[in-house]
Amino acid sequence: MAEETTVQSTGTTAQEQEKTFTQADVDKMIQARLDRERKKYPSEEEITAYRTWKDSQQTEQERQAKRDKELADSKSALSAAQSELEQVKRDKYVLSKGLTGDDAEFIAFKALRMVDDKTTFEQAVDKLTENRQKVKFDWTAPAGGGDKPNANNAAMNSLIRGALK
């Protein structure tokens, strides 16, 4: 029984001696903990040295593969830019023919289908628009109430009127 009393007496003494800390003490403990954690991570110089070492470990094949990929990416970007430039040139040429809206889009579409080794886009557009430029409405032509009566029209009108009676 003597042992039980000593255990109880040490337990009560630990609870009675609760320690309080000042703000300065807490700051010191936090700073010490932060310093220990920071030591676990590499510094900027160490990271830079590691990256340099890693790059130097690449084989020549890996470097060539990286250069080839960059070249392929550059070529695809150039190709896309050139096709966009060609499209702008085609649109400009179609618009220079006086076409707008759906007409311009249709003529451009048809002209692209006509392009081959012998025919350029401009030639195809010219061919598609040449009849359009030639056809013009003649406003001076008589529209039915002219001076000369048309005998064929008069005969047909008479037949129709006779059939309706």
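Guide: Welcome! Helices (H or I, at least four residues) and strands (E, at least two) are DSSP runs, numbered from the N terminus. The model above is predicted, with local features needing pLDDT of at least 70, side-chain atom pairs counting only at pLDDT 80 or more, and totals for chains, interfaces and linings using all residues. Residues are numbered from 1 along each chain as its sequence is written, and side-chain values use heavy atoms, leaving out hydrogens and water.

Visitor: How many helices and strands does the chain have?

Guide: There are seven helices and zero strands. Reading along the sequence gives α-α-α-α-α-α-α.

Visitor: What makes Asp-73 and Lys-69 a salt bridge?

Guide: The term asks for a side-chain nitrogen of Lys or Arg within 4 Å of a carboxyl oxygen of Asp or Glu. Asp-73 and Lys-69 meet at 3.2 Å, N to O, so the pair qualifies. Both residues belong to helix α4 (residues 60-96), four residues apart, or about one turn of the helix.

Visitor: Why is Asp-73 called partly exposed, and Lys-69 exposed?

Guide: Buried means under 20% relative accessible area, exposed over 50%, and partly exposed in between (1.4 Å probe, protein chains only). Asp-73 has 41%, so Asp-73 counts as partly exposed. Lys-69, at 54%, is therefore exposed.

Visitor: Which other pair in helix α4 is about one helical turn apart?

Guide: Lys-89 and Glu-86 are, being three residues apart in that helix. Their side chains form a salt bridge at 4.0 Å, N to O. Lys-89 has a relative accessible area of 47% and Glu-86 has 37%, so Lys-89 is partly exposed, and so is Glu-86. Elsewhere, salt bridges with shared partners link Arg-33, Glu-37 and Lys-40 into one network.

Visitor: How do you know that Glu-37 and Lys-40 form a salt bridge?

Guide: Their closest N and O atoms are 3.0 Å apart, so the distance passes the cut-off. The two residues are three apart in helix α2 (residues 23-40), which means about one helical turn between them. Glu-37 is partly exposed at 22%, while Lys-40 is exposed at 59%. In total, the structure holds four salt bridges.

Visitor: What makes a group of residues a nonpolar core?

Guide: The members must be buried Ala, Val, Leu, Ile, Met, Phe, Trp, Tyr or Cys residues, joined through side-chain atoms within 4.5 Å. The largest such core has nine residues, among them Val-94, Leu-99, Phe-121 and Val-125. Helices α5 (101-114) and α6 (121-134) are the elements giving two or more residues to this core, and α5 gives the most, with four.

Visitor: Which residues does Val-125 touch?

Guide: A contact means heavy atoms within 4.5 Å. Setting aside residues up to four places away in sequence, Val-125 touches Tyr-93, Val-94, Lys-97, Ile-107 and Ala-111. Over the chain of 165 residues, 7% count as buried.

Visitor: Where is confidence lowest, and where is it highest?

Guide: The score is pLDDT, the predictor's confidence in each residue, from 0 to 100. Helix α1 (residues 2-16) is lowest, at a mean of 52, and α2 is highest, at 90. The chain averages 77, with 76% of the residues scoring at least 70.
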